[in-house]
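Keep the viewer open as you read.

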Amino acid sequence: MLARRYNELKAQNKAFEVVFVSSDHDQNSFSEYYASMPWLCIPFEGKLTSVMLFSLNCVVVLTDRARKATLSQAFGVSGIPTLILVDRTGKILDRNGRQKVFDPVFAHQLAFKVDPEVRGLTLESVIDLISTDLSLNSESTKAGYTTLVKVINNILQNPGDPKYLSLRKGNATVQSKLGNRNFIKILKIAGFTETPDAYKCSDDPDTAKLKEVRDVLSSLLLSMA
C-alpha cells in the first residue's frame with residue numbers, strides 16, 4: 001500500500017523521497033526484502049532498527065553509512081515498521097507518518113519537484129531569453145504565448161480531465177507553436193514534466209502557479225497586440 005502511494009506521488013512530480021533502513025540480520029535477507037521496494041535505501045550493514053524516513057524536498061538525510069547504527073536512538077523508534085516524516089533540514093515533522101502520507105491534504109501541500117532544465121530560472125528570465133532569441137519573430141512569439149495560455153486555461157477550466165493534462169510531442173500544434181525550447185521551459189515552470197513522448201501536468205496541479213504564468217503571458221500578449 002505504501003509503495004503504491006509512493007508511486008502515485010512520484011507520478012504527480014511531488015518533491016519528496018523515502019529512505020529505507022533495514023532491520024534484517026544478513027545481506028541476503030535485506031536484498032530479498034528490499035527488492036520489492038521502489039524507494040531509496042541505506043545499504044545493508046549489520047542489524048538496525050527498521051525505519052523509513054519520508055524526506056521532503058528531495059533531501060535525503062543520514063546518507064553517511066557510519067551513522068546508520070544511531071538511527072533507532074536518534075529518531076526514538078520503538079517498533080517496526082515505522083515511517084518518520086522529516087523536512088529538508090532533518091527536523092522531525094511527524095513520528096507516525098504512516099497515516100499522514102495517505103492524507104489528501106498532506107499530499108496537496110507537498111511541493112513539486114523542480115525540473116533540472118529550469119532550476120534557477122524564473123518566468124521573467126525565460127521571457128527575456130525569448131525576447132532576445134533571433135530564431136523567433138513577433139508572430140512566432142505571439143503564437144507560442146497564445147498556445148501556452150490556451151493549454152493552461154484548458155487545465156484550469158477542466159480540472160482533472162486527462163485530455164488536457166498531456167501534450168504529445170508529436171502533436172502538430174506542439175511542434176509548430178512550441179518548437180522553441182524556451183516555450184517548453186515555461187511549461188516546466190508552470191508545473192509540467194517531460195517524458196520521452198509528452199509534456200505532462202500533474203492531476204493535482206499547482207493552480208496558483210498555473211494562473212500566475214497564464215496572467216503574465218496574457219499581459220504580454222496584450223502589450224504585443
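## Salt bridges

A salt bridge here means a side-chain nitrogen of Lys or Arg within 4 Å of a carboxyl oxygen of Asp or Glu. Bear in mind that this is a predicted model. Searching the whole structure turns up 11 salt bridges.

Start with Glu117, which pairs with Arg181 at 2.9 Å between the closest N and O atoms. Glu117 sits in the loop between helix 5 (104–109) and helix 6, while Arg181 belongs to helix 9, so this pair ties together parts that are 64 residues apart in sequence. Glu117 also forms a salt bridge with Lys188, where the closest N and O atoms are 2.5 Å apart. Through shared partners, Asp115, Glu117, Lys169, Arg181, Lys188 and Glu194 all join one salt-bridge network.

Now for a local example: Arg5 and Glu8 form a salt bridge, their closest N and O atoms 3.2 Å apart. Both lie in helix 1, three residues apart, or about one turn of the helix. Arg5 is buried, with 12% relative accessible area, whereas Glu8 is partly exposed at 34%.

## Aromatic pairs

There are seven aromatic pairs in the structure. Take Tyr6 and Phe16: their ring centres are 5.4 Å apart and the planes meet at 80°, so the pair is edge-to-face. Tyr6 comes from helix 1 (residues 2–11) and Phe16 from strand 1 (residues 16–21), which puts them 10 residues apart in the chain. Both residues are buried.

Phe30 and Tyr34 are arranged another way: with centres 5.7 Å apart and planes at 5°, the pair is stacked. These two are four residues apart in helix 2 (residues 27–34), about one helical turn. Phe30 and Tyr34 are both buried. Ring pairs also join them with Phe20 and Tyr33 into a cluster.

## The hairpin

Strand 4 (residues 83–86) and strand 5 (residues 92–94) run antiparallel, joined by two bridges. They make a hairpin with five residues between the strands, and in the turn Gly90 has a positive phi of about 95°. Val86 stands opposite Ile92. Which way do the side chains of strand 4 point? Leu83 and Leu85 go one way and Ile84 and Val86 the other, yet all four are buried.

In soluble globular proteins, nonpolar side chains tend to be buried together. The largest nonpolar core in this model has 29 residues, and Tyr145, Leu148, Leu167, Ile186, Leu187, Phe192 and Leu217 touch the most other members. Helices 6, 7, 9 and 10, along with strand 8, each supply at least two residues. Helix 7 gives the largest share, with six.

Zoom in on Phe192: beyond its neighbours within four places in sequence, its contacts include Val151, Ile155, Leu165, Leu167, Leu187 and Tyr199. Apart from this core lies another, of 17 residues, including Met37, Trp39, Phe44 and Phe106.

Methods
Residues are numbered from 1 along each chain as its sequence is written. This is a predicted model: local features need pLDDT of at least 70, side-chain atom pairs count only at pLDDT 80 or more; totals for chains, interfaces and linings use all residues. Side-chain values use heavy atoms; hydrogens and water are left out. A nonpolar core is a set of buried Ala, Val, Leu, Ile, Met, Phe, Trp, Tyr and Cys residues joined through side-chain atoms within 4.5 Å. Buried means under 20% relative accessible area, exposed over 50%, partly exposed in between (1.4 Å probe, protein chains only). Contact means heavy atoms within 4.5 Å. Two strands pair if DSSP finds at least two bridges between them. Rings of Phe, Tyr and Trp (its six-membered ring) pair if their centres lie within 6.5 Å; planes under 30 degrees apart count as stacked, over 60 as edge-to-face and the rest as tilted.
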